[in-house]
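Work through the exercises below with the model open. Each task is followed by a solution in steps.

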Amino acid sequence: MAKLASALVGRLVIIVPYAWLLFFFLIPFFIVFRISLSETAIAMPPYTPVFDLAGGLAGILEKMREFSADNYVWLTEDVLYFNAYVSSLIIAAISTFLTLLIGFPIAYGMAKAPRSIRPTLLMLVILPFWTSFLIRVYAWIAILKPEGLLNQFLITFGVIDQPLIILNTNTAIYIGIVYSYLPFMVLPIYSALEKMDHSLIEAAQDLGCTPVSAFWRVTFPLSLPGVVAGCLLVFIPAVGEFVIPDLLGGSETLMIGKTLWNEFNANRDWPVSSAVATVLLLILVIPIVYFQNVQAKADGEGK
Amino acid sequence: MEKWSRFNIASVVLGFGFLYLPIVLLVIFSFNESKLVTVWAGFSTKWYTQLWHNQGLLDAAWVTIRVGLLSATCATVLGTLAALALVRYSRFRGRVLFSGMVYAPLVMPEVITGLSLLLLFVAIGLDRGFWTITLAHITFTMCFVAVVVQSRLLSFDQSIEEAALDLGATPVRTFFAITLPVIAPAVFSGWVLAFTLSLDDLVISSFTTGPGATTLPMKIYSQVRLGVTPEINAICTILIGIVALGVIVASIVTKRREVQRERDERAAVAASG
């Protein structure tokens, strides 16, 4: 009896979170896909669906019963969507690269720091991540505005005479993404570098490597797992970013997260926003699966 | 050990300056007398007193705190279970899918998570509002808890658990007597992380909310779109203060527990020797 009960408890440990994630994470994607295949409810007369997934689903779904690929055709016809996807990918890629350029030296410096202060440094990197994302983006508006703190500073010290226009440009988006996602880049690189065996560098230098070539031949390759994890942690969410392009970007900035938000909130077009989300997910599925593998492998090594 | 070179020190100092300067400026200008957030006109706390008379803001803060407390607590239970399932059961049907569902939400763009949860709530006919936001927050924060707890479980000496089981303790008793006390700091920091993520969330809340349930980030966002004001700086400063306090308390608790554990281990070694 006790054995049966404990086996049951063991099962529950798996079943409860599994069922939760299936219901609240996985199934919703199928609903998104399902609705992306339906027509905007008011515009089209209903017709028989190809097959019926939504047996008991009531309300709005009832009205959206018909299947069609029209929303996807719509996405390909309107060049706005294509441009938004492409420019999101480009902006995310450039920002990821910039974050790596800034984050690597920080992680490297932290890993080289005296052992006694490392926990404090680690804490200081994590702390901004716990403060609101929205607040951190908002803080940059006051700095980047034409009459903002950065321009005041530069003009006072005579570096420029005319205020720089940074807010509402892509530059502001790069700054916003680099700033917001920097801890995600620093942490995995730091943990890769910290584990590194320092005698390898000494060996390389004994064998005649200059410090620079020892870095590129030994340190950097060994930090690659951290670099890959960091880049994915920055790149994937940045592609679908909404808050940063909305607050720091200009009207000409096209990013797909913002397009989806507008489609949904301003145009109230659920099927088209579902189609936008489905395509975005398809674009990101490869990096996401790759990220899961990296993560699972890292956990396996920890054992 | 190689010495901490000037280049290393410079990159750490500059990096931290970059991370903290905007937040520091925001806090400073929340105490500005002038309505302009970029011109200093003397010290004042008037923007803080004004907050107390803004009923809409206080209501939003109350909603946010309730959502945060409830969702963080549920997410901690679910996330800890998920971490146990991942670490203790190396083989079960659908494990690959399960670990995928735990890791994917960490990087999933919020607009996708928000939209898909909204469509789910509409499909099952749930009234949107406080409860739908809470369910949504539980879902995305539990994965962060799972990752935090999992990393602690991985560095955990399983032989103590096996010993307890050999001595006849049931798995449930073993969990509460052995496993939970050891992983408690990680569970606690998982809870704090889930709470702050919930406190912070704008996009997922906006998708899954209904009439009557406005959270603080939604309120801040709608005001930010109208322009930068010292009043928002003041709210932000209070939020930063709460989070900083939470993190400091959490780290002190963790530190104490670690010191205690080391002392216990040393005592055990001394006693057995």
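**Exercise 1.** Determine the handedness of the crossing of α9(A) and α10(A), and classify their relative orientation.

Solution. The crossing is right-handed. In this predicted model, α9 (residues 199–206) and α10 (residues 211–239) of chain A pack with axes 10 Å apart, at an angle of about 140°. Angles over 145 degrees would count as roughly antiparallel, and those from 65 to 115 as roughly perpendicular; α9(A) is therefore oblique to α10(A).

Next, list the residues that meet. α9(A) contributes Leu200(A), Ile201(A), Ala204(A) and Gln205(A); facing them from α10(A) are Ala214(A), Arg217(A), Val218(A) and Thr219(A). By class, this contact has five nonpolar residues, two polar and one charged.

**Exercise 2.** Decide whether Val294(A) is buried, partly exposed or exposed, and find its contacts beyond four places in sequence.

Solution. Locate Val294(A) in helix α13 (residues 270–301) of chain A. Count its C-beta neighbours inside 10 Å: there are 18. A buried residue needs 20 or more and an exposed one has 12 or fewer, so Val294(A) is partly exposed. Excluding neighbours within four places in sequence, Val294(A) is in contact with Pro225(A), Val228(A), Ala229(A) and Leu232(A).

**Exercise 3.** Describe the side of chain B that touches chain A: how many residues does it hold, and which element gives the largest share?

Solution. Start with the totals: 69 residues of chain B are in contact with 85 of chain A. Elements giving two or more residues to the chain B side include α1 (6–29), α3 (55–88) and α11 (230–272) of chain B. The largest share, twelve residues, comes from α1(B). Finally, sort this side by class: 51 residues are nonpolar, 15 polar and three charged.

How values were computed. Residues are numbered from 1 along each chain as its sequence is written. Chains are lettered from A and ligands numbered from 1 in the order in which they are written. This is a predicted model: local features need pLDDT of at least 70, side-chain atom pairs count only at pLDDT 80 or more; totals for chains, interfaces and linings use all residues. Two residues are in contact if their C-beta atoms, placed from the backbone, lie within 7 Å. Helices (H or I, at least four residues) and strands (E, at least two) are DSSP runs, numbered from the N terminus. Ala, Val, Leu, Ile, Met, Phe, Trp, Tyr, Cys and Pro count as nonpolar, Asp, Glu, Lys and Arg as charged, and the others, Gly among them, as polar. Axes are lines fitted to C-alpha atoms, for helices over the stretch in contact, and angles run from 0 to 180 degrees between N-to-C directions. Angles under 35 degrees count as roughly parallel, over 145 as roughly antiparallel, 65 to 115 as roughly perpendicular and the rest as oblique. A crossing is left-handed if the near helix is turned anticlockwise from the far one by less than a right angle, and right-handed if clockwise.
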